[in-house]
Amino acid sequence: MIAVPERFSQTLLATADRCPHSAMLSRKYPDVRSHAMDRGTAFHRFAERAITLLVTENEEFMPYEVAKDLMNVVLEESSDLVVPASEQDRLRIMAYHFAEGFMVSPTGVLGIEKKVSLPTPHGPVTGRIDLAVGAAGKVVTITDWKTSMAVPSQDEFEGAFQLPAYAVLAMFGEPDDGGVPLAARAEQIVVEQLYPMYLNSDRVIVGRRKALLRQELEDHRDYLHRLVKHVKGQFENREWPAVAGSQCAICAAPDECPLPAALQETIGDPEDLAARWLLTDQAAKKDWKELRALVKEEGSVSCGDLVFE
């Protein structure tokens with residue numbers, strides 16, 4: 001028997017927003033995990049300790065040697081996680097990029113890995129805010145760490161459920177440890193997703209950002225209230241329609257989906273696909289650069305019926 005939720009995590013709501021059946025399966029199999037998920041957990045533990053250390057020592061940057069040692073400590077202590085050698089290598093790269101391409105204003109930090117709850121008439125919406133910074137208070141930046149190998153386009157990022165959800169939780173949510181909302185006085189919240197696997201040309205961690213105004217967030221808060229009521233009703237009535245989409249690739253139990261397999265978009269592990277695409281894309285760019293150099297040197301290069309000149 002799958003119990004009706006008493007609390008609604010933003011992750012559950014994000015899943016239910018796209019596929020109610022997948023949301024039900026995530027409740028049925030709450031312990032389903034993957035190497036990618038454990039990699040994310042390990043990095044969040046690292047980032048929490050690293051930023052706490054920066055705030056304590058009033059430093060904006062972390063030296064690489066300190067970041068490397070801290071990541072190794074986190075990996076040694078995380079016996080509850082399954083992090084194979086290949087994932088540990090990725091995490092060490094992320095620690096290097098954290099040291100190389102991330103800075104924070106210690107005096108502006110409002111919260112680190114802060115659990116918050118947004119009250120609604122049908123149960124609270126819960127979430128964990130990775131980092132909130134806002135020295136002046138009128139503009140607060142919410143950082144969401146992403147350890148995925150794939151970086152979404154700006155359009156994809158702006159269409160994500162998490163974007164306004166995190167901002168609403170920061171502006172109106174109550175911290176579990178008491179006190180006022182993290183962004184109670186803010187008129188604008190900037191939500192950013194940072195991808196520590198990559199640095200841009202300026203040697204800064206790659207990210208996506210969008211600013212949201214208070215009025216927009218008040219409207220989305222109302223939407224979250226309606227969504228909680230709707231999702232709670234689905235669990236009470238045991239009505240969980242299945243909808244095909246990209247979420248099929250991360251479903252907790254695709255074999256229990258009522259949709260025909262041909263309609264499920266289970267195209268493989270998304271992390272492996274992203275990594276393979278990145279490697280292929282990088283190789284293609286390298287080949288294209290070398291091809292252009294050959295064309296410049298020789299005048300033209302033939303490949304079957306194609307001629308590059």
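**Helix packing and two residues in a predicted model**

In this predicted model, helix α1 (residues 10–18) packs with helix α2 (residues 20–28) at about 145 degrees, their axes 5 Å apart.

Q: Which residues make the contact of α1 and α2?
A: From α1 come Leu12, Thr15, Ala16 and Arg18. From α2 come Pro20, Ser22, Ala23, Ser26 and Arg27. By class, the contact has four nonpolar, three polar and two charged residues.

Q: What makes Arg18 and Arg27 charged, and Thr15 polar?
A: Arg counts as charged.

Q: Why is aspartate 38 called buried?
A: Its relative accessibility is 5%. Buried means under 20%, so aspartate 38 qualifies.

Q: Where is aspartate 38, and what does aspartate 38 touch?
A: Aspartate 38 sits in helix α3 (residues 35–56). Not counting residues up to four places away in sequence, aspartate 38 touches Arg33, Leu81, Val82 and Val83.

Q: Why is proline 119 called partly exposed?
A: Its relative accessible area is 41%. Buried means under 20% and exposed over 50%; 41% lies in between, so proline 119 is partly exposed.

Q: Where is proline 119 found?
A: Proline 119 is in the loop between β2 (109–118) and β3 (125–133).

Q: Which residues are in contact with proline 119, leaving aside neighbours within four places in sequence?
A: Pro124, Glu174 and His225 are. Each has heavy atoms within 4.5 Å of proline 119.

Q: How far apart are proline 119 and leucine 169?
A: They are 50 residues apart in sequence. In space the C-alpha to C-alpha distance is 9.9 Å.

How values were computed: Residues numbered from 1 in each chain as written. Predicted model: local features only at pLDDT ≥ 70, side-chain atom pairs only at ≥ 80, totals over all residues. Heavy atoms only, no water. Helix = DSSP H or I, 4+ residues; strand = E, 2+ residues; numbered from the N terminus. Buried < 20%, exposed > 50% of the residue type's maximum accessible area, 1.4 Å probe, protein only. Axes fitted to C-alpha atoms, helices over the stretch in contact; angles between N-to-C directions.
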